[in-house]
Each structure stands twice: as structure tokens, then as C-alpha cells.
Amino acid sequence: MTDTKTPTRARVGSLLRRAVEAEAATWRSLYAWARRRPLPLGPGDEPFGYLGVVKPILGIFIGLSVVEIPIFDVVVTHVVPWRPARWIVLGLGIWGLLWMIGLFASMTLHPHVVGDRGLRVRLSWGIDIWIPWTDVEALRKRYRSLPSSRSVQVEQEGDRQVVSISVGSQTSIDVLLRRPLTFDLPKTGSTPMNELRLYADDPDGLLRSARGTPVSHIVSR
């Protein structure tokens with residue numbers, strides 16, 4: 001008899017582990033950002049951020065949280081007779097505010113990196129892909145709006161598999177690959193990809209930086 005609970009438990013365990021990892025990574029990023037530690041870059045590496053498209057939204061949420069914390073504190077203090085409720089609500093409000101700042105910090109501290117040997121594509125702490133220039137056929141500037149807000153999206157274009165690492169449902173650079181590559185990403189599994197698309201605030205700067213690599217061919221559209 002097949003134990004159907006085992007796969008379910010495995011999925012739940014995987015989700016819990018990822019949640020714990022995300023929580024820990026967010027607090028580590030907040031700590032490093034507050035300490036103003038420099039980005040760990042190697043010789044010749046150049047960072048390229050991707051926060052610009054979502055910075056206004058994060059700023060609004062952080063600002064609203066700052067305003068809401070004292071308001072909820074006053075409301076709970078005068079409406080809820082159970083005194084510990086005030087400290088629970090206050091703690092949750094402060095945690096939520098710090099978590100959003102930590103998310104901002106995580107995206108700031110983990111930019112894309114163009115180096116002498118290849119391109120490092122990142123998104124916060126959870127996505128980190130290394131693509132050697134020897135596997136890159138072309139880089140192409142092209143802004144795209146995606147139908148979903150998911151960070152990782154896979155689509156079939158003819159006989160080609162394309163994965164998009166989006167920010168704010170957008171990408172701005174297409175990375176065409178010389179050969180299909182498998183990336184350790186959610187939703188992709190072991191499926192080889194023919195193209196990777198990413199978002200960078202300064203796609204022109206990233207393309208200019210990549211011009212120094214003899215194996216990359218830059219096409220800007």
C-alpha cells in the first residue's frame with residue numbers, strides 16, 4: 001500500500017525549511033545592511049542593482065507600517081481589555097516593519113554581478129545563478145512585462161525553454177545561451193533552459209560592462 005502522506009510530509013518539511021532559511025537570511029541582511037558592510041566583490045566585478053522598480057512600493061509599505069504601529073497600539077490599548085494583547089500586536093507590528101526593511105536590505109546586498117569570467121544573476125538571498133561567458137551567445141536589452149508577479153517564470157517558445165527572473169513583473173535583459181543549461185531554481189526542476197531573462201535597473205550599463213569579455217556578443221534593442 002502506497003503511503004500518500006510521505007510526499008505531503010516531504011513538501012511541508014521543504015516549505016518549513018525554506019521559510020526558516022528566508023527568515024534567517026532576512027535578519028542577516030538587515031544586520032549587514034545596518035552595519036554598512038561593503039559588498040563582497042572580487043577584482044574586476046561590477047554590481048548592478050534591480051531594486052529600482054519595486055523601491056517605491058516597498059517604501060510605501062514601510063511608511064504605512066511606521067504609521068500603523070502607534071495607531072494599532074492606541075486602539076488595542078483602549079479597546080482590548082486583555083493587557084498582553086497590546087504587546088503581542090506591538091511585537092507583530094515591529095517584526096513586520098523590520099522584516100520589510102530586511103527584504104529591502106537583502107535585495108540591496110545581493111545585486112547582479114558582471115565579472116571577467118561570467119555573469120552572476122541574483123534575486124535577494126534565494127536566487128544565485130552563475131553563467132560563464134563561454135556559455136553566453138548574446139546579451140540583449142529588451143524590456144518585457146510579464147503576466148504574473150512570480151519571481152521565477154518558465155515558458156515555452158517554440159522548441160526553446162525560457163526562464164525569467166523578474167522584479168515587479170518585469171525583465172530588461174535577455175541572456176541567450178550557447179547550449180541548454182539547467183538552473184537550480186523553483187519551477188524549473190531539471191529542465192534545460194535555452195534562455196534566461198533578468199531585470200536590471202541599468203541594462204545599458206550592464207551591457208557596456210560585459211563588452212570587455214571576448215566571448216560575449218552584445219545586441220541592444
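This briefing describes the fold, the surface and the annotated spans of one protein chain. The model is predicted, and the values below were computed from its atoms or, where stated, taken from a record. The protein chain comprises 221 residues, of which 40% count as buried, and its secondary structure consists of 4 helices and 10 strands.

**Fold and extent**

- Read from the N terminus, the elements of the protein chain follow the order α-β-α-α-β-β-β-β-β-β-β-β-α-β.
- Taken along the principal axes, the box filled by the C-alpha atoms of the protein chain is roughly 70 × 55 × 30 Å.

**Surface and charge**

- The protein chain has an accessible surface of about 13000 Å², and carbon and sulfur atoms hold 60% of that surface.
- Its charged side chains number 28 positive and 20 negative, and the centres of these two sets are 4 Å apart.

**Annotated spans**

- An unreviewed UniProt entry lists residues 57–80 and residues 87–107 under "transmembrane region".
- In the model, residues 57–80 are 96% helix and 0% strand, and the C-alpha atoms at the two ends of this span are separated by 32 Å.
- Residues 87–107, the other span listed in the UniProt entry, are 100% helix and 0% strand, with 30 Å between the end C-alpha atoms.

Key: Residues numbered from 1 in each chain as written. Predicted model: local features only at pLDDT ≥ 70, side-chain atom pairs only at ≥ 80, totals over all residues. Heavy atoms only, no water. Buried < 20%, exposed > 50% of the residue type's maximum accessible area, 1.4 Å probe, protein only. Areas by Shrake-Rupley, 256 points an atom, 1.4 Å probe, with all protein chains shown as cover. Lys, Arg positive; Asp, Glu negative; His and termini not counted. Charge placed at Lys NZ, Arg CZ, Asp CG, Glu CD. UniProt positions renumbered as here; feature names shortened; annotations may be inferred.
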